[in-house]
Amino acid sequence: MTQKKTNKTTIIGGNKTGTGAAHDSHGIEAVDAQAVNSAESRELYKSRVQIYPKLAHGLYRKIKWLLLFATLAIYYILPWIRWDHGANAPDQAVLADFAGRRFYFFWIELWPQEVYYITGLLILGAFSLFLATALFGRVWCGYACPQTIWTDLFIVVERWIEGDRNARIKLAKQPMRGQRLMKTVFKHAIWLLISFVTGAAFILYFHDAPTIASAFFLGKAPGSAYLFAGILTFTTYSLAGLMREQVCTYLCPWPRIQAALTDEDTLEVTYRGYRGEPRGPHKKKDSWEGRGDCIDCKLCVAVCPMGIDIRDGDQLECINCALCIDACDGVMKKIGRPIGLIAYDTEKNRLRHECGEKPSFSIIRARTIAYGSLIALIGALMVAGLSTRSTLDLNVLRDRSPTYVRLSDGSVRNGYLVKVINKGTITRQFEISFSGLSDYSIKVVGQKVTSEKVLVLAKADEVRNVKMYVTLPKSQISVSGSSIPITIEVIEQVADGKTAETQSNKSVFMTGMK
Amino acid sequence: MTDKPELDEHSGVYTTGHEWDGIKELNTPLPKWWLYINYISIVWAIIYCIFMPSWPGLPGMGYFKGLRNHSERANVAVALDKLQAARAANAQSLTSISLDQVENDPDLLTFAMAAGRSAFGDNCATCHGSNGIGSVGYPALNDDVWLWGGNLDEIKQTITYGIRSGHDEARFSQMPAFGRDELLSGSEISDLTELVLAMGGSDHDQSAAARATTNFEEQCSICHAEDGTGDRYQGAPNLIDSEWLFGGSRSEITETIANSRFGIMPNWEQRLQPWTIDSLAVYVHSLGGGE
């Protein structure tokens, strides 16, 4: 904790006398940072080299702090928000209720048969990711991916306990006892605590949050809750605490996929070699003539959480977190050169510059139009679907064992299980009617049918199963074929002046005739 | 072979120290992840042996029961008790009201139907077929033909005590074996067959049927009624409908008259709980033929 201060003065601070490293200049001391994961030093079968990312300051770091705070807040707070979903339904705003077979998202309630909305959401998510990647490269990786968010959070803890880069490196060289042991234990304890909270928050999305939270600590929660909390605790701890950049480089398929999604117009974190080279140490009084702006301070390497050197160009490891931009801009300001030696830029503009042309950005191009219109189309479909979504559904299952029953007087009976699905929030009455048959009689299990009108009540959020038997007299059978197409309709019974919802299903009546 | 392990410069790994016909082998270490999982498994196995049932055949105590005293058998018993407790309220209300009332209570009906369906599958479907479609000798339960009555109480009585089950309350009747016991001659039996075929509206020999009229009145009408419509008090089938329990062909009817055929249904009073029988009655009644 105290190291933080020391660090700042050592690395960035006003070491104006220039008595530090050999190529100290402008008060910037070159960092002895190695791009441990650069292509040059990369070897098959090489053990992982620990990275000690240095804290960066600047615009992108600020944006990342903001996103870190916002996304974590959403993740931990969302399940606690209450929302009235009507009778017979839980009052949690966001809930994947597997036990009750419902998915709730604020005003939206989805039944299992409407899972295509979730498919739509996933497609929408995929195309949004494609679009963002086509425009801005790996912004998802750099700013919003849980792996980045939680790794950042874990590094915050690490920095708080062990200090910034240099202090951490120093500490790692000490034997594992005394202060180092204490700090290490403390750090891992906090990590595990965060991991546990992460895992425990995950299960809140699948159960009523206050209930499961108390049941969890009383040992009364279902086994799956403990299992998933355990799995998430383990993955959070190991992925964000121990594995970090290896997840992005070795486990995640996204770095490979993104190569196909970016093109020469994609904004990516770029080292403008034409401006920076030839690099080298620079003394304050020296001229900038005949050399590049890069003073080779390696601050961009020191802040990199992936252990690469952005000056080597576009690399698979780079998650486009833009921390090197922050680091470099800070240095450029200090040495009085224009910022943007490392900046978001496109491949095309780098080439244009070589030809002496002016930079040009084309945001609207074939692939962004394609992704954009697909997003608009699917989004419109989903909005249309959700806004016109019926709160009444009907499923008719005809008896198949046996398909028909011949009665003693020669008449034939078919059985139907009519499922009236009331997705509404109140109890409603419905009339079930058959069309396509004449001279038939209806029998409903558990109900005295006085006329041909069958009325049923369906409670809020309920599937009302109505078992119906339809009997056709012998006279009708003899003139019909082997099966008669019928339509079963369910009509909501409402007070005058209100629109009634209706649904219909097609089925057949099997006569048993050849 | 006691050669000393030597460092292989190319790979940086020591050899095993052995040499076979000039061939040396690198002592490549096991992959760390594999080795650690192996160690963890060993530790886990020891912990498991302490807490869970392990080590059979210990003198004096049978098997070692483990500190957790875990028993799957006990778990099943607990789970079954839980199930009974969960069903207790519905079971209680099911038995406390008449079955007619059950059919008018949607919630109770749903419960009875679900319980009845599974009980039917476990106990009844073996003979009566799934969904009560029946087969030769085993009545179909989904049509409108009932030997002993098809209202809820009659169905419940049949299930509770059975038919010819030996229970004191069981439904009982027995058709004589007219041929085997030599009550009627062969020709009389074949004449009667023609008459029964005539009653059912099938092709028959009219003169033979006419000859059997007297025998039918004397021997058959007591149970099957003079018009052949049967009698539910005695479980005597209706002979004039088109439904046949043991088949309606000439040879099948002759066989029935000559040797007498009837089935036995066990009583379920002692095997099933009262509420299960109630559920079964409701379920069977709902199969379509309920009266």
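Predicted model: local features only at pLDDT ≥ 70, side-chain atom pairs only at ≥ 80, totals over all residues.

Residues are numbered from 1 along each chain as its sequence is written, while chains are lettered from A and ligands numbered from 1 in the order in which they are written.

Q: Why is chain A called more spread out than a compact globule?
A: The globule rule is 2.2 Å times the number of residues to the power 0.38, and the radius of gyration is taken over C-alpha atoms. For 514 residues the rule gives 24 Å, and the radius of gyration of chain A is 33 Å, well over that value, so chain A is more spread out than a compact globule. Along the principal axes, its C-alpha atoms fill a box of roughly 110 × 60 × 50 Å.

Q: What makes up the secondary structure of chain A?
A: Chain A has 17 helices and 14 strands. These are DSSP runs numbered from the N terminus, with helices being H or I of at least four residues and strands E of at least two.

Q: Why is A:K298 called partly exposed?
A: A residue is buried if 20 or more other C-beta atoms, placed from the backbone, lie within 10 Å of its own, exposed if 12 or fewer, and partly exposed in between. A:K298 has 19 such atoms within 10 Å, so it counts as partly exposed. A:K298 lies in the loop between α12 and α13 of chain A, and its phi is near 65 degrees, a positive value in a residue other than glycine. In chain A as a whole, 30% of the 514 residues count as buried.

Q: How many residues bring chain A and chain B into contact?
A: Two residues are in contact if their C-beta atoms, placed from the backbone, lie within 7 Å. By that rule, 16 residues of chain B are in contact with 12 residues of chain A. The side of chain B that touches chain A has 4 nonpolar, 7 polar and 5 charged residues. Here Ala, Val, Leu, Ile, Met, Phe, Trp, Tyr, Cys and Pro count as nonpolar, Asp, Glu, Lys and Arg as charged, and the others, Gly among them, as polar.

Q: What makes α7(B) and α9(B) roughly perpendicular to each other?
A: Angles of 65 to 115 degrees count as roughly perpendicular, under 35 as roughly parallel, over 145 as roughly antiparallel, and the rest as oblique. Axes are lines fitted to C-alpha atoms, for helices over the stretch in contact, and angles run from 0 to 180 degrees between N-to-C directions. The axes of α7 (residues 186–199) and α9 (residues 213–224) of chain B cross at roughly 90 degrees and come within 9 Å. The two helices are therefore roughly perpendicular. B:E188, B:L192 and B:L195 of α7(B) make the contact with B:T213, B:N215 and B:F216 of α9(B).
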